[in-house]
Amino acid sequence: ITNHVIQYTLCFITLGLRDAFNQLGVAFPSKGWNLNWNCEGKSLTSCTIGIVGLGLIAKGLIAEIRKLAPDTRIIYTVPKHRRDFDVENKLKLEYVAELTDIASQCDVLLPLCSLNKSTEHLINKEILGCLKPEAGIINVSRGKVVDTDALTEALEKKSIRYAILDCTYPEPLPADHPLWKKDNCFIFPHYATNTMDVREKLVTDIQPIIEDHYGLGHSDARQKAEEKILRYDLAVAHRLTAKYDMDMLVWNHISARHRSGCLITPGRKMWGTINPEDLEFSSSNVTADIIHEAIYSARPDVKAVIHLHTPAATAVSCLEEGFQPITQDSAYFYGKVATYEWDGVSDDASEKPALANAVKSVEGCNTLLMYNHGFACFGSSVKEAWVLAYYFERCCETQLRVMQSGGKLRRPNKMVMEKAAEASYLPEFAPGAQEWEALCNEISFD
């Protein structure tokens, strides 16, 4: 299904840029032709494509565009905490935080996001008003992502060049809806998957999809392969924690999402001895389960969590002022540290909502500083979470040394720290991007 939607959308992009739908029935001039005749269209190579969302269809579409036009400028936006730096680097994408900026720069705007409360009417009057008069919009996602009334008005005023709609809201549009009569609006009957191949696959793929979700049957092979990788990374993370003196005998815990739960630290084992097969699906430590489940519930994008009681970070958790990002290394954590008041040993499931709310209180945070307790770092992978934890402990140690010196603290310029924080998550500097392979080479399970 995904590939069919990608191919379908790619056709629309090319046809829209070339204004091809308006050329249907236009006869080639028998005389008077010159080089300027009917050449207002743009090529795929010379345009800027704006994409909202970065799911399977968006990534697949971008990959196909890169095959045809490697230098096409492609800009995209997602919430900051959902940025994928590896994909940005691989597919040569530019991240633009504000949707209004995406709209003002692109030649064609493609909402490729899912429909939920935050994306309903995401493409509204303001966004459509930012589009250039020669720009167009293509919607193959969900009709309600686009404000139909605002789109109708924009097409009526010809403030945008065209709209290509594979879906509408409502669907179907009433027979007397004004969009049907717009010569710059091209409506298709939710047609992206209308091929016999897809219809057959919709039937034959139902069983594997169910099996894949529950880890059953022949699709379990992929789940097992993923589990093997996660177990390796988690075991490496445990041993690295011990190697760098960040462990606390058999206590604390690291986890990674898998299937409907997570793989997590086994109890009663020294971290320097943990092997891939030792990781468990349920911890023998109720505190571990509560903390990790709370973070995962608050942040669906988080794939790994590490909770530690390292000396420096725990000392900082006891300070009234808490963590202070005062060095270049702390740019990873600038504006990304949430805090939580210690409420005793986390052995009561009723504490989960409070922990989850603490994580939600700082949008896109990567660290939870638990006052008088310790901290947790979390990210999109085990390597990201572990490397963040290493640098957080290091930054806390630096903070304590500065305080111990008795000298007057020199705080970094706010604008400089903001830029450093943004640069720290560029693909080449993102946590674990450079370090993880080298760190894995330090660990042997022989």
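**Labels and the values behind them**

Trainee: Why is Lys158 called partly exposed?

Mentor: The relative accessible area of Lys158 is 49%. Buried means under 20%, exposed over 50%, and partly exposed in between (1.4 Å probe, protein chains only). A value of 49% falls in between, so Lys158 is partly exposed.

Trainee: What kind of model is this, and which residues count?

Mentor: It is a predicted model: local features need pLDDT of at least 70, side-chain atom pairs count only at pLDDT 80 or more, and totals for chains, interfaces and linings use all residues. Residues are numbered from 1 along each chain as its sequence is written, and side-chain values use heavy atoms, with hydrogens and water left out.

Trainee: What makes the phi of Lys158 worth a note?

Mentor: Phi of Lys158 is near 55 degrees, a positive value, and Lys158 is not a glycine. Most residues other than glycine have a negative phi, and most peptide bonds are trans. Lys158 is in the loop between α6 (148-156) and β6. His190 also has a positive phi, about 50 degrees, and is not a glycine either. His190 is in the loop between β7 and α7 (196-204).

Trainee: Is His190 buried, partly exposed or exposed, and how do you know?

Mentor: His190 has 32% relative accessibility, so it counts as partly exposed.

Trainee: What about His258: buried or exposed?

Mentor: His258 is at 3%, so it counts as buried. His258 is placed in strand β8. Helices (H or I, at least four residues) and strands (E, at least two) are DSSP runs, numbered from the N terminus. By that rule the protein has 15 helices and 13 strands.

Trainee: Which residues is His258 in contact with, leaving aside neighbours within four places in sequence?

Mentor: They are Gln223, Glu226, Glu227, Leu230 and Phe281. Contact means heavy atoms within 4.5 Å.

Trainee: Where is Asn184, by element?

Mentor: Asn184 is in the loop between β6 (162-165) and β7 (185-187). The relative accessible area of Asn184 is 5%, so Asn184 is buried. Not counting residues up to four places away in sequence, Asn184 touches Leu155, Lys158, Ile160, Arg161, Tyr162 and Ala163. Asp19 is 165 residues from Asn184 along the chain, and their C-alpha atoms are separated by 9.6 Å.

Trainee: What makes the bond from Tyr169 to Pro170 cis?

Mentor: Omega is near 0 degrees there. Pro170 is in the loop between β6 and β7. A cis peptide bond also joins Glu171 and Pro172, with omega about 0 degrees. Pro172 is placed in the loop between β6 and β7 as well.

Trainee: How do you know that Cys130 is in no disulfide?

Mentor: A disulfide is a pair of cysteine sulfur atoms within 2.5 Å. By this rule the count is zero disulfides. For Cys130, the nearest cysteine sulfur is that of Cys106, 9.9 Å away. Cys130 is at 26% relative accessibility, so it counts as partly exposed.

Trainee: What makes a set of residues a nonpolar core?

Mentor: A nonpolar core is a set of buried Ala, Val, Leu, Ile, Met, Phe, Trp, Tyr and Cys residues joined through side-chain atoms within 4.5 Å. The largest here has 44 residues. Phe323, Phe333, Trp386, Phe392 and Trp436 touch the most other members. Elements that give two or more residues to this core include α9 (220-243), β8 (253-258), β10 (304-308) and α13 (382-405). α13 gives the most, with ten residues. A second, separate core has 34 residues, among them Ile6, Ile49, Ile164 and Phe186.

Trainee: Which residues is Trp436 in contact with, leaving aside neighbours within four places in sequence?

Mentor: They are Asp233, Val236, Ala237, Leu240, Val382, Lys383, Trp386 and Val387.

Trainee: How many residues does the protein have, and what share counts as buried?

Mentor: The protein has 446 residues, and 48% of them count as buried. Take contacts between residues at least 6 apart in sequence: 70% join residues at least 24 apart. Along the principal axes, the C-alpha atoms fill a box of roughly 85 × 60 × 40 Å.
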